[in-house]
Amino acid sequence: ALPTHVYADLQVLNSVVDHNGNSGIYQYSQSVGATNQRSHTTVTDTDVSYNGSDGFVNEAVSGGYYATNLQYVTISGSTFDHNSGSGAYFGAYDAYGPGPYGFAGHIVTISDSDFSHNTHDGLTASAEATGENGRAEQYFTIQDSNFSNNGRGGFSDFNSAHDGQYNTGYACSSVQGTAGGCAIVRASATITDSTFNDNADTGIYIGTYAKNYGTIYSQAGHGGAPSLYVAGSTISGNHYAGIAMPGSAENRSYLSQTIMIDSSTITHNGTDGTGFVAGPTGTMPQGGIIVVTQSKYQSFNFENVYVQNSTVSDNKGVGIVLAGQSLGNFVQFDGLSVENSTVSGNYAGALLENVSLGSYYTGQKLNTVGSTFSDNLASSGFLGPKYNGSGAAAIMFAESNKYIQQTVSSSDSTFSGNYGAGLATYFGGG
């Protein structure tokens, strides 16, 4: 049979969509079998506020051989405030049978818009892929927009790839192409000149969960494009964390994330420096930038955080955390680089921590260039007495591993006036 081609476009221009009992704008699309669907939605200079559920909804679903569903959404000059759900919700789901080319996804561009004072998130996104070679994709480009004063988070993104299968020669750590069987989520967010302030949970939240032959990364071919890129933005006054990214890879799965923060201000996040419950890793510490992952049972996990030309200060918790836990894993690597930045006045400055048991390779790398780590002053907390209030610390403990590696380098940096150590390292194995 010939494939079915579906094209459905929606334009909402210079309009008011408010005070409705359910969502303001609701779109649902589904592709089953040999169906090729492409849709373009444009919302410009429109007020979508005070609705009984989410302000704007776009759900893309696909399943079966050759089923594709790609939604292009462009939002500009619009307001999504005071909705009883989230300001906007984007959901992509693909349950996929054998064969190539099926997926569901979004390409979303947002500019000069406001997502604030909503009961849930300013914007919620969800991408889920399951089954052999299932694939869901979401790519967000956000500029000059505001996500503040929401009842949960400013921007919250949930990614889940699970219950794929192993096809001979195509481990989830390799490019799947048309012959692999792992379930795939590809997702990224590029954010410039935007504000995420005073949200009840987090400014930006990205949770990732790969399980049972699932794989999550940002770019086709396992390229190095950032999963999260934030530039020229302010993330301040959020209750738990400025940026929180919990992640998990389990049972022969693959997770790779690169986070780049450039010319941004991340301050006054957290309330008391204790933990909060956040997705697949359970409890996370409060603070400025918090990336915590766990991997187990022959999986791969690569996490890299780059902070440059930025200020991460006066957070009631750790300024920057990159922490990984590995159990019976194949590869766990965490890298943290801080360049030409200030990390000061936090409970602790920057922390890189790895705990690994019974894994093949665990590595960590801490690099600072031209940066200041000063006046981090907590005398107590989850780091323990030797590391509380430290300027920067790299901690690694590995037991029954094949290979472990720690690399710490610092140049043209200042570590002064901290309660604990200026620069601390711990390396232990067994």
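**Paired strands and salt bridges**

User: Which residue stands opposite Asn-354 in strand 31?

Analyst: Opposite Asn-354 stands Met-396, a residue of strand 31. This is a predicted model, in which local features need pLDDT of at least 70 and side-chain atom pairs count only at pLDDT 80 or more, while totals for chains, interfaces and linings use all residues. Residues are numbered from 1 along each chain as its sequence is written, and side-chain values use heavy atoms, with hydrogens and water left out.

User: What makes strand 28 and strand 31 a pair, and in which sense do they run?

Analyst: A strand here is a DSSP run of E with at least two residues, numbered from the N terminus, and two strands pair if DSSP finds at least two bridges between them. In general, the strands of a sheet pair through backbone hydrogen bonds, which may be parallel or antiparallel.

User: How do you know that the sheet of 12 strands is open, and what are its edge strands?

Analyst: The strands of this open sheet follow the order 2-4-6-8-10-13-17-22-25-28-31-34, with parallel pairing. Its edge strands are strand 2 (25-32) and strand 34 (423-429), each of which pairs on one side only. From one strand to the next the twist averages 5°, an angle between N-to-C directions that can run from 0 to 180 degrees, with axes fitted as lines to C-alpha atoms.

User: Why is strand 18 called largely enclosed?

Analyst: A residue is buried at under 20% relative accessible area, exposed at over 50%, and partly exposed in between (1.4 Å probe, protein chains only). In strand 18 (residues 254-262), 8 of the 9 residues are buried, so the strand is largely enclosed by the rest of the structure. Strand 18 also has parallel partners: 9 bridges join it to strand 23 (residues 300-308), where Asn-304 stands opposite Thr-258. A further 4 bridges pair strand 18 with strand 15 (residues 228-231), again in the parallel sense, and there Val-230 stands opposite Ile-261. Strand 14 (residues 214-217) is joined to strand 18 by 2 bridges, which meets the rule for pairing, and Ile-216 has Leu-255 as its bridge partner.

User: Why is the contact of Asp-121 with Arg-152 called a salt bridge?

Analyst: The term requires a side-chain nitrogen of Lys or Arg within 4 Å of a carboxyl oxygen of Asp or Glu. For Asp-121 and Arg-152 the closest N and O atoms are 3.4 Å apart, so the contact qualifies. Asp-121 lies in the loop between strand 7 (103-111) and strand 8 (123-130), and Arg-152 in the loop between strand 9 (135-143) and strand 10 (155-162), so the pair ties together parts that are 31 residues apart in sequence. Asp-121, at 2% relative accessibility, counts as buried, whereas Arg-152, at 33%, counts as partly exposed.

User: Which residues are linked in a network of salt bridges?

Analyst: The network links Arg-135, Glu-137 and Arg-186. Arg-135 and Glu-137 have their closest N and O atoms 2.3 Å apart, and for Glu-137 and Arg-186 the value is 2.9 Å. The latter pair links distant parts of the chain, with Glu-137 in strand 9 and Arg-186 in strand 11 (residues 183-192), 49 residues apart.

User: How do you know that Arg-135 and Glu-137 count as buried?

Analyst: Arg-135 has 17% relative accessibility and Glu-137 has 9%, so each falls under the limit for buried residues. Arg-186 is buried as well.
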